[in-house]
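Trainee: Before we talk about any label, I would like to have the structure in view.
Mentor: Here it is; ask what each label rests on.

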Amino acid sequence: MKQFNLFFLFLATALLLVTGCKKDDPEPPEEEIITTLIYTLVPNNGGATATFRFLDLDDGSGPVITNGTLEANTTYTGSIELLNEQESPAEDITEEIMLEDEEHQFFFESGVAGLSVAYADTDGDGNPLGLTSTVTTGAAASGALKITLRHEPDKNADGVSDGNITNAGGETDIEVTFNVDVQ
Amino acid sequence: MYSNNSLSVITVLVVALFLGLPLFCLSQNCSLSVSGYVIDSGIDEPMTDVHIYLEEQQVGALSDDKGYFEIKELCEGHYHLLISHIGCEPQRIYLDIHQDTLLRLELDHSSIELGSVVISAKSTPASTQNRQSINEQSISDNASQNLANMLESISGVSTLKNGSGISKPVVHGLYGNRITILNNGVAQSGQQWGNDHSPEIDPLVANKISVIKGVGSLEYQGANLGSIVTVEPKKIDKEPHLHGRGSLFLESNGLGSGLNLQVQQYNPVIAWKINGTFKRSGDKHSANYYLRNTGNQEANIALQLEKAFSEKFHTDFYFSSFNTILGVLRGAHVGNITDLEFAFTRDEPYFTEDHFIYSIDLPRQNVHHQLAKLHGKYLIDDSQILNLTLATQINSRREFDVRRGSRSKFPSMSILQLSAFAEGKYQKEFSKDLVLKTGAQLNITDNTNDPETGILPLIPDFLSYEAAIYALLNKKIDKWFFEFGGRYDYVYQYALVFSQTLPRDILRYNNHFHNTNVSSGFTYNPNHDFSLSFNAGYASRNPAINELYSNGLHQGVSGIELGEKTLRSEHSLKTTLAANGHIKEKISFETLFYFQQIQDYIFLNPQDEIEVNIRGAFPVFKYEQADAQLYGFDINTHYQISKPLGLKFTYSYIKGKDISNNLPLINIPANNLTASLAYVIPSWKKFEDIEFELTNRYVFKQTDILPEQDFTTTPDAYNLIGFQLASDIQLAQNRMRVFTKVDNLLNVAYRDYLNRQRYFADDLGINVKFGLSLTF
């Protein structure tokens with residue numbers, strides 16, 4: 001009986017110690033996200049620069065998309081900039097993609113008649129990357145341009161280096177669609 | 001699935017009878033004998049072909065038609081007697097022989113013999129709940145499998161998987177938060193809500209694993225709405241010598257291997273047992289290709305200590321540590337719904353390699369679980385028992401995904417859960433036929449996300465307190481056994497949720513819930529050949545933290561999951577009716593019918609909207625409530641065609657409906673059918689209990705689902721054939737068991753509805769296993 005009382009006392013003490021626990025406030029994580037994609041198109045022979053912007057702060061308010069207008073029959077040099085605007089000042093994610101260029105590739109799917117996008121840069125292995133691109137417009141038209149950033153795609157798969165996403169694999173880090181107006 | 005015949009030794013009664021005064025009083029008498037009868041305690045009839053072996057003398061005997069055996073010409077001394085029978089873990093008893101000894105060995109040869117699954121149809125039931133178990137030998141023969149996959153051999157149990165290594169049990173259509181898993185009497189605490197979270201338990205520490213298929217027994221903590229899985233190590237044998245068992249297995253698929261060592265010794269100061277397991281496997285292979293990154297590693301240890309301070313006061317301590325790294329199919333890691341749709345169109349998943357790889361890369365889960373339990377049992381007098389338990393658990397889950405930058409070294413999910421449990425139980429036997437069990441429990445859970453992830457957590461930090469009281473009354477009247485019980489749980493939740501708006505605020509939620517459970521039932525045993533059990537239980541379950549506050553992308557399922565703060569408790573009524581019996585020792589059967597109605601059933605409902613963010617489009621799932629119905633039946637039958645040849649048949653049927661919206665419920669297992677033919681040879685040369693078994697398992701296509709309820713069509717029906725050959729070998733001092741087994745013998749390419757990997761790849765191809773275990 002004596003041993004049992006001691007055992008009981010031990011359990012009761014241990015229990016009291018545990019029930020006294022308090023919950024501390026959690027620390028919000030520093031979110032490692034991409035909030036913004038900016039696609040800037042500068043005409044090669046002068047003219048107005050077009051800026052397409054997709055902003056998603058992940059604050060519950062939904063994305064904000066800014067579309068642009070392009071000139072017909074014009075060649076543009078396009079460049080992509082990625083930001084984390086949850087931080088202040090905004091964090092540049094573009095550099096991160098450049099550092100891991102072999103593991104990333106942008107894909108451009110044009111639904112605009114006459115508009116084509118070609119890669120204007122390569123990664124360390126000589127495969128396309130897509131941070132810089134050449135956009136050529138045809139006659140006036142409008143439609144959607146989808147930009148996808150794939151992480152760990154198979155760049156050697158059939159058609160992938162030509163910008164065909166079908167066999168790329170990997171997982172999508174970014175997938176945004178802009179409405180393009182060619183006038 | 002398994003081939004062993006069921007037989008578990010529950011009691012070995014040693015009745016040493018004095019057979020006459022020794023004629024010669026020599027110091028060394030070498031003309032003694034040990035003889036006896038082996039009795040089937042279930043039906044009180046003799047058992048034949050039971051092997052009795054005296055280790056020190058290296059002589060054995062086989063029980064005859066009357067259950068009789070005899071070993072002669074023994075000297076006085078200490079002996080170990082090993083009793084074994086087909087499908088049964090060898091039982092060792094320690095004897096001190098000074099005169100001719102007559103033994104009465106009672107084996108609980110369950111009245112129904114259905115393969116490795118032992119159905120507890122004893123003449124005095126402990127409960128009106130339906131319970132099915134897997135015995136120690138079957139656990140050992142399937143050492144390469146995890147807990148849930150092992151349970152799949154029980155009818156009515158399926159598994160929800162993410163590949164072959166990650167699986168959790170589904171019993172009668174319920175899983176996750178609604179199933180309680182008791183590890184040595186303590187409810188497993190961890191991230192049970194996740195469909196891709198395996199229970200963190202090493203089944204090899206158990207001597208018996210059971211599924212209680214009614215409404216969860218009221219004496220256990222946890223959500224008493226669904227069934228209960230119990231994992232029970234047994235008490236240390238009262239055997240003064242060091243004994244144990246070492247097992248080894250190898251398998252061809254994934255080049256898996258494993259080692260388990262159990263050592264125990266009893267001694268009056270302290271009895272101890274140590275159990276260690278190590279398992280490793282690399283990439284698995286489907287019928288036609290390797291499944292990249294599907295290996296796993298596991299290292300576990302368990303320590304059991306027992307001490308009796310007096311005749312009345314016993315204590316035991318249990319510690320277990322479970323540690324695993326689980327690979328997830330590389331091609332199953334997708335970014336958004338576009339990736340998912342691409343994946344469906346492929347014959348082989350992305351990242352498929354043409355050669356075998358051992359290493360586990362990304363994505364993967366690193367999981368650690370520690371449990372410590374201290375228990376004391378005090379016998380107040382002959383009719384009253386008091387039990388006190390204190391337990392604590394630490395569960396750490398870190399999931400690593402393929403991420404940008406060097407972030408892959410940081411987990412995408414990192415949660416630490418601490419829990420503490422205290423219980424007081426009191427049992428009073430008013431008479432042999434009237435027993436009261438009552439108790440009180442307290443459980444505290446503290447869940448903390450580590451901000452190292454750099455991702456807003458899917459489930460928030462929280463603290464919860466659960467306090468419960470219960471009482472159960474059992475009454476036996478003649479051939480009837482009645483059971484009544486009630487339970488009340490008070491649950492307090494304190495959740496700290498990050499706001500969706502920037503800057504991130506902390507939203508605090510305090511919830512109070514009251515759950516009541518009532519259960520009653522009866523068992524009617526008109527004779528040894530038949531029993532009928534009925535049980536009805538009303539239970540309520542409060543919404544869990546993930547159902548209330550989940551918010552974000554669940555990477556594992558590439559969907560946005562939204563909790564609902566206003567969810568109410570679920571209320572359920574489940575009735576089960578079981579009929580068990582046997583006809584002339586030739587045919588035995590067990591049937592279980594069940595019907596469960598759940599009011600305000602909480603489920604993840606796919607929404608019409610699709611959320612578009614910078615990563616693309618994602619399907620949105622929201623926790624909603626509706627009234628649901630689940631019903632079905634499980635049938636097990638066994639037909640002994642001749643003495644060596646037996647045929648077994650199992651069928652499970654289930655239907656789940658959302659009756660508020662007149663829709664099928666998702667993740668309801670497909671109906672399935674298993675038939676097996678076993679042939680047994682009691683002895684051949686050094687081999688004993690040789691068993692051949694051929695198994696055929698057919699799983700129907702799940703057709704009861706609408707196209708808009710799933711990403712793609714459900715997989716076709718499939719048929720798998722398996723083969724097993726097992727035997728025991730009696731060595732001089734030890735007993736050895738060898739088995740070889742082939743799963744998916746025809747290397748069929750198939751996909752299973754409840755395996756999430758089905759969206760990306762085929763299930764496992766042929767697997768040849770070899771196992772060896774040595775009892776010493």
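Trainee: In what order do the elements of chain A run from the N terminus on?
Mentor: They run α-β-β-β-β-β-β-α-β-β-β-β-β, which gives chain A two helices and eleven strands. Helices (H or I, at least four residues) and strands (E, at least two) are DSSP runs, numbered from the N terminus. This is a predicted model, in which local features need pLDDT of at least 70 and side-chain atom pairs count only at pLDDT 80 or more, while totals for chains, interfaces and linings use all residues. Residues are numbered from 1 along each chain as its sequence is written, and chains are lettered from A and ligands numbered from 1 in the order in which they are written.

Trainee: Why is chain A called more spread out than a compact globule?
Mentor: The radius of gyration is taken over C-alpha atoms, and the globule rule is 2.2 Å times the number of residues to the power 0.38. For 183 residues that rule gives 16 Å, whereas chain A has 26 Å, well over that value, so chain A is more spread out than a compact globule. Along the principal axes, the C-alpha atoms of chain A fill a box of roughly 95 × 35 × 25 Å.

Trainee: What makes Glu152(A) count as buried?
Mentor: A residue is buried if 20 or more other C-beta atoms lie within 10 Å of its own, exposed if 12 or fewer, and partly exposed in between, with C-beta atoms placed from the backbone. Glu152(A) has 22 C-beta neighbours inside 10 Å and therefore counts as buried. Its place is in the loop between strand 10 (141-151) and strand 11 of chain A, and its phi is positive, about 55 degrees, although Glu152(A) is not a glycine. Buried residues make up 32% of the 183 residues in chain A.

Trainee: Which omega goes with the cis peptide bond that joins Ser88(A) and Pro89(A)?
Mentor: Omega is about 0 degrees there, and Pro89(A) sits in the loop between strand 5 (75-84) and strand 6 (91-92) of chain A. The bond from Leu502(B) to Pro503(B) is cis as well, with omega near -10 degrees.

Trainee: What makes strand 4 and strand 7 of chain A edge strands?
Mentor: Two strands pair if DSSP finds at least two bridges between them. Four strands of chain A form an open sheet in the order 4-11-10-7, with mixed pairing. Strand 4 (68-70) and strand 7 (104-110) of chain A each have a single partner strand, so one side of each is left without a neighbour in the sheet. Strand 4 and strand 11 of chain A run parallel and are joined by three bridges; one bridge partner in strand 11 of chain A is Val182(A), which faces Leu70(A) in that pairing.

Trainee: How many residues does each chain bring to the contact between chain A and chain B?
Mentor: Two residues are in contact if their C-beta atoms, placed from the backbone, lie within 7 Å. The contact takes 40 residues from chain A and 44 residues from chain B. On the side of chain A that touches chain B, the largest share, nine residues, comes from helix 1 of chain A.

Trainee: Which residues touch the most other members of the largest nonpolar core?
Mentor: A nonpolar core is a set of buried Ala, Val, Leu, Ile, Met, Phe, Trp, Tyr and Cys residues joined through C-beta atoms within 7 Å. The largest one has 44 residues, of which Leu151(B), Val170(B), Leu182(B), Ile209(B), Val211(B) and Val229(B) touch the most other members. Helix 2 (residues 147-151) of chain B gives the most to this core, with four residues. Apart from this core lies another, of 35 residues, among them Phe54(A), Ile97(A), Phe106(A) and Val112(A).
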